[in-house]
Amino acid sequence: MYGDPALPPDFVSLPYVNADAPKGGKITLGNTGGFDSLNPFVRKGTVPWQLSFFTHESLMGRSWDEPFALYGLLAESVETPDDRSWVEFTLRENARFSDGSPVTVEDVIFSYDTLGTVGHPRYHGLRSQIEKIEQTGPRSVRFTFNTNNRELALLAGMRPILSKAQWDGKDLANAPLAEVPVGSGPYVVREYQAGRQVVLDRNPDYWGADVPFRKGTSNFDQIVIDFYGDAAVLFEAFKAGEISAVREFNAETWASQYTFPAIERGDVVKSTFAHQKPSGMTGFVMNTRRAPFDDWRVRDALIAAFNFEYINETLTGGALPRISSYYSNSHLAMQPGPAPAEVASLLTPFEDELLPGTIDGYALPVADGSVRNRAGIRLALKQLEAAGFSAKDGTMRGADGAPLSFKILMSKGSSQDLAIAELYLQALNRLGIAAEIETVDDAQFVGRTNEFDFDMTTFRRALSLSPGNEQKFYWGSEAADQPGSRNLMGVKSPAIDALIDTMLSARDTEDFTAAVRALDRVLTAGRYVIPFWQYDEGLIAHDARMKYPETLPIYGDGPNFMPEVWWWEPKD
């Protein structure tokens, strides 16, 4: 995106892998809930989240040690002019799908056209910014763009490539469970039990084993994904040796509950991974498409009523810091206090629409840690009164006399989020707000959040050090009414739209950073989400025979980093 990639054209392997890692072994991973689809490229159905990482590939691959650099995967070369108005890729001659058929330019064009129209909505934004896709040689394809967006040259290399022979003339969006997408990735789905288990085998004829980007990766012969009703049952399965590794998100649990016999014997070890990635946003999101969440003062009141310090102490022993903004824990985060000149200049044109604190400084309220949180409750009452609500006979009512009530939609398997919600309800009840928790199974949860059918719900949005076009899908105005988009809060803001455009057209890192910090301010001061805590290091407990490289990238263990670069080393 800016400057040159860190690795030379003749690099042998990525800097954070063991290029000589042995192949072999079988691991079992655990997911909560179930699945009713093995097609991760459409909106319909619930899919094992890991699947697309294992089975499919794109033209270029991301280095987890560089925020804005891609390297050749299916493509052996890339060409783009200085203005990035087009990009051309040349496919590797030996690239193959798992069925042995070659990956062709026809497959690439078919994939972009199909995913960009009937695929998951996350793919539509890029396709709409491509004027044409054309074959320019036996193995070359050119994308010409219709907008000034410098990131498009990178994004064009990051879409999954499907087999045209498999899907041409078929209904990809409504494919049955048995129609497993054929990919070019290192793993193939060997078998599955609907809702219960998926078994993936490493393809012994995988075409890319010697590609530098792939050296030292995808080392396990078999990866099994088992599904459990909730996190507690999954953890018991791990303790019993039925799961090879788990990622822990609770520091108190990490300190106090990982003392079972397998750890004492040394059969299971606890590993900690530092990282430099943004906190992202985790919390309860409020649906501004519905009253009363369309009033920022109500949202502000609900944030003030959330007794973070007490909840954090109760559930984690106070071990985890709170998320303070969407990009906190990184250099892209908004700075405390008034916006510096380079950020303020981007915000001032929208001053009339921005919420209080956006330019002059906004910070989350801090409680004293007591159960009653009197200061927070007082602030919440003040804001509710300003929004036209008042407490009558112990019930918070609007000007029309109707009680203030809402539901927090949650998945049955989210035990920690349920514990947070139950503590939160105690504060809401003291305010006279009739809030309740509504739990549904995973399929219903996905369906309802896709259709924005909720008042408040759990929210997790991982963010990277290289934010780009996906930000439109996360909180752009067009995505607010697009079913399946990630804009769960329903925000429609000219300021946000303009800042994303500014970020995408930036020519240097300074302008880019200023735009992201301004965007972070607008999102945070928008009071759309009640933030929880952040994880400033990764916590993974795993079978002692699972090994990982000594060198870690800036992203730490990463979302899919564990099975990608780890390997199996049997005990002597």
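Buried residues are those under 20% relative accessible area, exposed ones those over 50%, and partly exposed ones those in between (1.4 Å probe, protein chains only). The model is predicted, and local features need pLDDT of at least 70, side-chain atom pairs count only at pLDDT 80 or more, and totals for chains, interfaces and linings use all residues. Residues are numbered from 1 along each chain as its sequence is written, and side-chain values use heavy atoms, with hydrogens and water left out.

Helices (H or I, at least four residues) and strands (E, at least two) are DSSP runs, numbered from the N terminus. In helix α10 (residues 308–316), the buried residues include Phe308, Ile311, Asn312, Leu315 and Thr316. They lie on the same side of α10 because they cover an arc of only 100° around the axis, the arc being that of the directions from the helix axis to the C-beta atoms. The buried residues of α10 pack against α7 (251–256), α13 (415–430) and β19 (529–531); contact means heavy atoms within 4.5 Å. Gly317, with a positive phi near 70°, follows α10.

A nonpolar core is a set of buried Ala, Val, Leu, Ile, Met, Phe, Trp, Tyr and Cys residues joined through side-chain atoms within 4.5 Å. The largest such core has 109 residues, and those with the most contacts inside it are Leu59, Phe89, Tyr112, Phe143, Tyr326, Trp475 and Met489. Helix α17 (residues 509–525) supplies the largest share of this core, 8 residues. Apart from this core lies another, of 43 residues, among them Ala301, Leu302, Ala380 and Met410.
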